[in-house]
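Welcome! Let us walk through this structure together, one part after another.

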Amino acid sequence: MLQGQWIERGQKVVMNTYNRFPIVLSEGKGSFVKDVNGKEYLDFVGGIAVNALGYGDEDLTEALYQQMKKMMHCSNLYWNIPGIEAAEILIENSVFDKVFFCNSGAEAIESCIKLARKYGKMAHGEHCYEIITMKQSFHGRTMGAITATGQEKYQIGLHPLLEGIVYGNYNDFESVKELVSEKTCAILLEPVQGEGGILPAEKEFLAKIRELCTEKDILLIYDEVQCGIGRTGNLFAYQAYEIPPDVIALAKGLGGGFPIGAMMATEKAAAAFKPGDHASTFGGNPAACTAAKVVLNALLSKGILKNVKEQGKYLREKLEFLKEKYEVISDVRGIGLLQGIELSVPAGDIIKACIEKGLLLVGAGTNVIRFVPPLTVNQAEIDKALYILEESLKEA
Ligand SMILES: *Cc1c(COP(=O)(O)O)cnc(C)c1O
């Protein structure tokens with residue numbers, strides 16, 4: 001069947017919530033993906049920072065297949081082995097003591113919001129429930145997460161929002177400090193703002209916030225849904241800054257394409273949850289945790305983090321070079337394989353031109369093009385991507 005016919009069928013039955021490109025993708029290998037017409041694309045979207053090991057990773061698919069044959073789901077009335085093992089790897093390689101598994105980024109954030117409120121009330125009293133988040137942030141689409149998201153455009157038509165969330169300016173410590181009161185239970189932020197336009201936090205900003213949170217016994221929560229799991233060349237983005245939070249939200253790359261999210265917390269913060277306080281039917285499911293296990297082991301043992309550092313540096317240098325050459329690029333920002341270029345022309349036009357030439361890219365914020373290829377991407381693929389990008393810039 002033709003691609004257009006599939007899209008017509010989809011439009012009839014699938015709710016109209018996405019601005020999709022008129023492409024039906026059907027298979028992929030490594031950094032490449034094909035549509036139903038057989039056209040091949042180099043993919044620098046990677047399922048939006050999800051396909052950490054690229055498409056069709058043999059170890060990941062084989063481990064999932066074996067686990068699915070054995071047992072796909074068993075509920076949290078019981079323990080399961082992949083759930084324990086995935087949690088062990090996360091804990092052994094971080095500053096945290098406990099994990100809660102869920103299914104997505106928004107759910108991980110929702111878990112953080114609930115834990116923060118429980119903690120505030122336990123540590124300081126009933127009045128302590130307010131959470132400070134940042135303008136231009138993005139935390140997901142549930143009512144709690146969308147309230148935490150400091151961008152009105154995502155909140156239109158959804159009021160009343162969750163109570164008790166206030167917004168500071170990113171990288172502006174004084175604006176955050178001004179919001180702190182005896183009501184504050186947590187500060188939530190992305191170490192690198194993703195959807196907001198690939199904006200890394202300044203180290204001094206994070207350091208001051210860390211100090212303030214410690215002094216006032218306020219939980220510091222990092223949303224590493226996009227910037228965690230190897231993106232920065234470290235397993236976690238907080239390691240790139242050497243400024244750890246008390247609580248962290250993970251998802252996207254964690255399952256390498258299989259849906260899984262997680263919240264981790266230090267013992268002190270995690271103690272605010274008691275049995276019955278939070279749950280998820282699918283959370284910590286053996287199939288999803290098998291995927292996480294394979295991804296984490298690959299990142300920790302196969303030199304992938306080193307690859308992210310090297311290829312991230314190479315990509316960055318080439319983007320900086322393009323910036324010198326093309327006036328339409330006004331800024332290059334990011335860490336590791338989470339890079340963005342800000343443009344003075346509509347990013348959408350350049351992205352469209354790149355797609356036509358066989359390169360998938362995605363925007364972020366206003367007029368930013370984001371580069372989030374698989375963490376396994378190689379130099380030849382970066383060369384090819386930037387060749388296509390340059391051809392498209394020439395036409396702009
Ligand atoms: C994508 C994203 C989310 C939401 O994740 P979902 O899995 O779509 O719910 C939350 N926070 C950040 C930083 C994200 O990039």
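**A guided walk**

Keep in mind that the model is predicted. The strands involved here are β5, covering residues 130–134, and β7, covering residues 184–189; they run parallel and are joined by three bridges. In general, strands of a sheet pair through backbone hydrogen bonds, either parallel or antiparallel.

Now step back to see the sheet that holds this pair. Seven strands make up an open sheet with mixed pairing, and reading across gives the order β4-β12-β11-β10-β7-β5-β6. At its edges you will find β4 (98–102) and β6 (165–168), each of which pairs on one side only. As you go from one strand to the next, the twist averages 20 degrees.

A helix packs on this sheet: α5, made of residues 105–124. Helix α5 touches β4, β5, β7, β10 (219–223), β11 (247–250) and β12 (261–265). The direction of α5 makes about 165 degrees with that of β11.

Next comes the ligand. Which residues surround the ligand? They are S104, G105, A106, F138, H139, G140, E190, D223, V225, Q226 and K252. Sorted by class, this shell has three nonpolar, five polar and three charged residues. Some of these neighbours can be followed atom by atom. A polar side-chain atom of D223 lies 2.7 Å from a nitrogen atom of the ligand. G105 takes part through its backbone, where an N or O atom lies 2.8 Å from a ligand oxygen atom. For F138, a backbone N or O atom lies 3.3 Å from a nitrogen atom of the ligand. How much of the ligand does the protein bury? Taken alone, the ligand exposes 390 Å², and the protein buries 81% of that.

There is another sheet to visit. Four strands form this open sheet, in the order β1-β2-β3-β15, and here too the pairing is mixed. Because β1 (25–29) and β15 (359–360) stand at the edges with a single partner strand each, one side of each is left without a neighbour in the sheet. Within the sheet, β2 (residues 32–35) and β3 (residues 40–43) run antiparallel, joined by three bridges. Here V33 stands opposite Y41 in β3.

Finally, two details of the backbone deserve a look. H159 and P160 are joined by a cis peptide bond, with omega at about 0 degrees. I48 has its place in helix α2, which covers residues 46–49.

Key. Residues numbered from 1 in each chain as written. Predicted model: local features only at pLDDT ≥ 70, side-chain atom pairs only at ≥ 80, totals over all residues. Heavy atoms only, no water. Near = heavy atom within 4 Å. Polar contact = N/O pair within 3.5 Å; in protein donor to acceptor, adjacent residues only side chain to side chain. Areas by Shrake-Rupley, 256 points an atom, 1.4 Å probe, with all protein chains shown as cover. Nonpolar A, V, L, I, M, F, W, Y, C, P; charged D, E, K, R; others polar. Pairing = 2+ DSSP bridges. Helix = DSSP H or I, 4+ residues; strand = E, 2+ residues; numbered from the N terminus. Axes fitted to C-alpha atoms, helices over the stretch in contact; angles between N-to-C directions. Contact = heavy atoms within 4.5 Å.
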